[in-house]
Amino acid sequence: MNGNALLNIGIFGIFVAATLVVVIRASRNTKTAADYLAAGRSFTGPQNGVAIAGDYLSAASFLGIAGAIALNGYDGFLYSIGFLVAWLIALLLVAELLRNTGKYTMGDVLSFRMRQRPVRAAAATSTMAVSFFYLLAQMAGAGGLVALLLNITGKFGQAIVIAVVGALMIAYVLIGGMKGTTWVQIIKAVLLIVGAGVMTLWVLAKFGLNLSSLLGSAVENAPKAGEKLLGPGLQYGATGTSKLDFLSLALALVLGTAGLPHILMRFYTVPTAKEARRSVVWAIWLIGLFYLFTLVLGYGAAALVGPDKIRAAPGGANSAAPLLAEALGGPLLLGLIAAVAFATILAVVAGLTITASASFAHDIYANIIKKGEAEDKDAEVKVARRTAIVIGIVSILGGIAANGQNIAFLVALAFAVAASANLPTILYSLFWKRFNTSGALWSIYGGLVVTITLIVLSPAVSGKPTSMFKNVDFALFPLSNPGIVSIPVAFLLGYLGTVLSKENDKAKYAEMEVRALTGVGAEKATVH
Amino acid sequence: MSTSEQHSPADAQGNHNWVDVQNTPDFRELRRRLRTFVFPMAGLFLAWYLLYVLLADYAHGFMSTKVFGNINVGLILGLLQFVSTFVITTLYVRHANKKLDPLAEKLRNELEGGQA
């Protein structure tokens, strides 16, 4: 894939220029905090659904899952099923009720009937933890992607590209706020889904639209894995521990999605709960369709490129989709797919940055420091913008430092924290009358501490050749994915914290429940 | 633990007695319609997902059984997870449009009308 770097950069440059124009145009009407942090709640359900798909289908989903299927076959497919089924929790239990009771952040909902300051502080802590782990994984992943797509192999050159990605992301967020970021997500999602769709049809056409003969060809081309490519177990089936690890991962995937703050925040960009529902429905269809594409792309890469060539390429498994693009459509399709992959990273980091900065500005600055009585509403936007710059710089530095590290566990960590600290607290506060401040603090902080502790003590961090620290061994916990322990523990802690405290505000729960179910007093769209 | 600081003056703006609203037959019916749909459905799809994960994790032989051509049981069950997700989504939307939205709207209009 040499010699195409200029073409790839050129196509990516066009994407950046086009999206910047859109972002600048979108920012014209951004005046208030609701405009900046929630896009004036003016997007339609379908628009927001496309944007959610854009936020959710990160480079890890696109390159990572296609590569995992190409090399590990069926086990790669298992990821995408967890990522998709998870959306039913968001649809049935969370999206509409959250839209009706909150304003900008997860903290709005969690603190609704609790003592404001401690619960908002906890919600902001876990929002920033999840966003930061996710952000770091994306930024560090950008380094590897650069090596692959632009053929920049030096650490210094990669650091420059990470800094450029970070600077662009800061520009998007500062100029466009939530509205601009949402448009970037929409453009990127359309490009990604259309690109993957075209490649899928192309691959299927090569095999006479016959999935079975595609699978047969993938098996023939992968003599080491052989028939095992089509069944489960290639990646996770080796030992009892690895099987348990997979079960643990599967739990975190299905329960984590509805606790990801950057996804939750998207529900505030639409005018009503009904539009929030429509946006999840659109997201489910698009994400499901996309994962069906990756199934064909993954096996297509095994059949048409071959696992040996994928393993040998810079970027390893992640290069399966780009290599398949090259095999199908030559340098031009490779350039397009490479640019889409870049755009994906850019859009996802922008979405994460605005989420983390909104949580700081709204939960910590406006409601904790200013006690909800900020003298002028512009201050919240000003703080959000400054926070975005700080987060941007920190993630550039973090991304450069983590470049080349085994960062897959960061995404697992983000999902595990979301499933352990956030989801139990969200569900309890929406559905459990007795839940109170103490329970919320126990489940958020407890879930956070247990998850991070188990990850630090896991083989992902120490003791194995693939660990972050290879030469020391303090891996007391055998699993790389803590979910199977941390999720039940967090639910239990939320229960214990609740029953051990006498606090119980029935009137406030009545208000929350009535508002959540009927939409009375919900934040309205801004009118310009 | 003290509960004093959670009642900011802003709470009073609605002027509703929320507990009374919560106890009206209409609201109780709305809550019943929501919960009797979403809780069993959530239990159902989580159980179905867990069954699938356990089979993929511990029943490799069964999942690798070929049904036709190179299509095996595992692939079919995996694709059925997609199908069930799409079906539950559609069922919920139909339920919400028919059974939840009209009642929620009626309550909302009563409450917001009374507030003005």
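In the predicted model shown above, T105(A) sits in the loop that links α6 (87-101) and α7 (106-110) of chain A; helices (H or I, at least four residues) and strands (E, at least two) are DSSP runs, numbered from the N terminus. T105(A) is buried, with a relative accessible area of 4%, where buried means under 20% relative accessible area, exposed over 50% and partly exposed in between (1.4 Å probe, protein chains only). The side chain of T105(A) makes a polar contact with the side chain of D363(A) at 3.0 Å. A polar contact is a pair of N or O atoms within 3.5 Å; within protein, one must be able to donate a hydrogen and the other to accept it, and residues adjacent in sequence count only if both atoms are side-chain atoms. Leaving aside residues up to four places away in sequence, T105(A) touches R120(A), Y268(A), A358(A), S359(A), H362(A) and D363(A), contact meaning heavy atoms within 4.5 Å.

Stepping back to the whole of chain A, there are 20 helices and zero strands. Of its 528 residues, 67% count as buried. Among contacts in chain A with a separation of 6 or more, 83% come from residues 24 or more positions apart. The C-alpha atoms of chain A fill a box of roughly 65 × 55 × 45 Å along the principal axes.

Now for the partner chain. In total, 60 residues of chain B are in contact with 65 residues of chain A. The area buried between the two chains is about 5,600 Å², with carbon and sulfur atoms giving 70%; buried area is the accessible area (1.4 Å probe) that two parts lose on being put together, summed over both. Six salt bridges are counted between chain B and chain A, a salt bridge being a side-chain nitrogen of Lys or Arg within 4 Å of a carboxyl oxygen of Asp or Glu. E227(A) forms a salt bridge with K66(B), with the closest N and O atoms 2.7 Å apart. On the side of chain B that touches chain A, α1 (18-22), α2 (25-58), α3 (60-63), β2 (71-72) and α4 (73-115) of chain B each supply at least two residues. The largest share, 21 residues, comes from α4(B).

Residues are numbered from 1 along each chain as its sequence is written, and chains are lettered from A and ligands numbered from 1 in the order in which they are written. For this predicted model, local features need pLDDT of at least 70, side-chain atom pairs count only at pLDDT 80 or more, and totals for chains, interfaces and linings use all residues, while side-chain values use heavy atoms, with hydrogens and water left out.
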